Amino acid sequence: LLLVSEHDDIVNDLKVATKFVERTTGLESEVRLINGGLWLMQDDFKATHPYSPDDYDKTSPLEQWKSQHPLGLQIITQMETEDPLSKELVRRLLDNAMTSLSVSSLDSSDEEIQIQEYDDLGDGCVLMATWTEGSVFVLWDGRGHVDINLFAYEGLDSLKVKHFNNLFQRRTALSTVLYDEHPRGFGRVVSY
């Protein structure tokens with residue numbers, strides 16, 4: 001049964017009608033969906049008391065802001081292409097893009113990044129590169145989708161990540177379909 005009404009008290013009327021149907025027929029009724037519920041437009045509405053931002057207590061948000069202790073930055077990028085990819089190509093793209101990362105732990109040490117490869121599940125592969133102050137995980141679905149999860153404690157900014165992504169996409173038809181930056185830390189760090 002479909003009902004359409006502009007009546008303000010439709011929900012109460014619906015309750016009365018369903019109870020009547022149940023009582024007279026012995027059937028059980030069920031309301032599955034109610035669409036609507038829009039606010040009624042009140043022409044020439046005048047608020048009884050207009051509020052300004054100064055009327056609200058700002059101590060809690062300020063305390064939350066001061067409690068944040070960001071420790072690192074995580075960036076998740078999703079790329080897609082219609083062109084064929086291979087495990088070897090994805091590995092070569094990661095190797096190439098890793099040269100763009102210049103984070104403090106890599107600049108000041110002889111730490112060598114080892115890329116581990118896992119390809120025994122599904123059609124694609126997972127590539128994992130870790131170092132003292134960060135990591136990169138690349139997930140290829142075996143078709144045309146690649147996820148990149150890049151994290152570093154310091155020395156990573158949007159410009160470096162965009163350069164990393166550009167190098168990863170170089171000479172391919174991969175295009176970015178999602179790009180999210182998330183600060184990571186403690187003290188209710190805001191992720192945006």
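Predicted model: local features only at pLDDT ≥ 70, side-chain atom pairs only at ≥ 80, totals over all residues.
Reader: How do α3 and α5 pack, and at what angle?

Author: The angle is about 145°, and the axes lie 8 Å apart. As for handedness, α3 passes α5 in a right-handed crossing.

Reader: Which residues touch Phe164?

Author: Leaving out residues up to four places away in sequence, Phe164 touches Leu94, Ala97, Met98, Ser100, Leu101, Val136, Ile148 and Leu150. Phe164 also belongs to the largest nonpolar core, which has 29 residues; Leu94, Met98, Val136, Val138, Phe164 and Phe168 touch the most other members. Elements giving two or more residues to this core are β1, α3, β3, β4, β5 and α5, and the largest share, six residues, comes from α3.

Reader: Now the charged side chains. Why is the pair Lys87 and Asp119 called a salt bridge?

Author: The N to O distance is 2.5 Å. The cut-off is 4 Å, so the pair qualifies. Lys87 lies in helix α3 and Asp119 in the loop between β2 and β3, so the pair ties together parts that are 32 residues apart in sequence.

Reader: Why is Lys87 called partly exposed?

Author: Its relative accessible area is 23%. Buried needs under 20% and exposed needs over 50%, so Lys87 sits in between. Asp119, at 35%, counts as partly exposed by that reasoning too.

Reader: What makes Glu117 and Arg91 a salt bridge?

Author: Their side chains meet at 3.5 Å, N to O, and that is within 4 Å, so the pair counts. Glu117 is in strand β2 and Arg91 in helix α3, 26 residues apart. Glu117 is partly exposed at 32%, and Arg91 is partly exposed at 24%.

Reader: Where do Asp123 and Arg143 lie?

Author: Asp123 is in the loop between β2 and β3 and Arg143 in the loop between β4 and β5, so their pair ties together parts 20 residues apart in sequence. The side chains meet at 2.9 Å, N to O, and both residues are exposed.

Reader: Which residues do shared partners join into one network?

Author: Lys87, Arg91, Asp95, Glu117 and Asp119 are joined that way. Across the whole structure, the search finds five salt bridges.

Terms used. Residues numbered from 1 in each chain as written. Heavy atoms only, no water. Core = buried A, V, L, I, M, F, W, Y, C linked by side-chain atoms within 4.5 Å. Buried < 20%, exposed > 50% of the residue type's maximum accessible area, 1.4 Å probe, protein only. Helix = DSSP H or I, 4+ residues; strand = E, 2+ residues; numbered from the N terminus. Contact = heavy atoms within 4.5 Å. Axes fitted to C-alpha atoms, helices over the stretch in contact; angles between N-to-C directions. Left-handed = near helix turned anticlockwise from the far one by under 90°.
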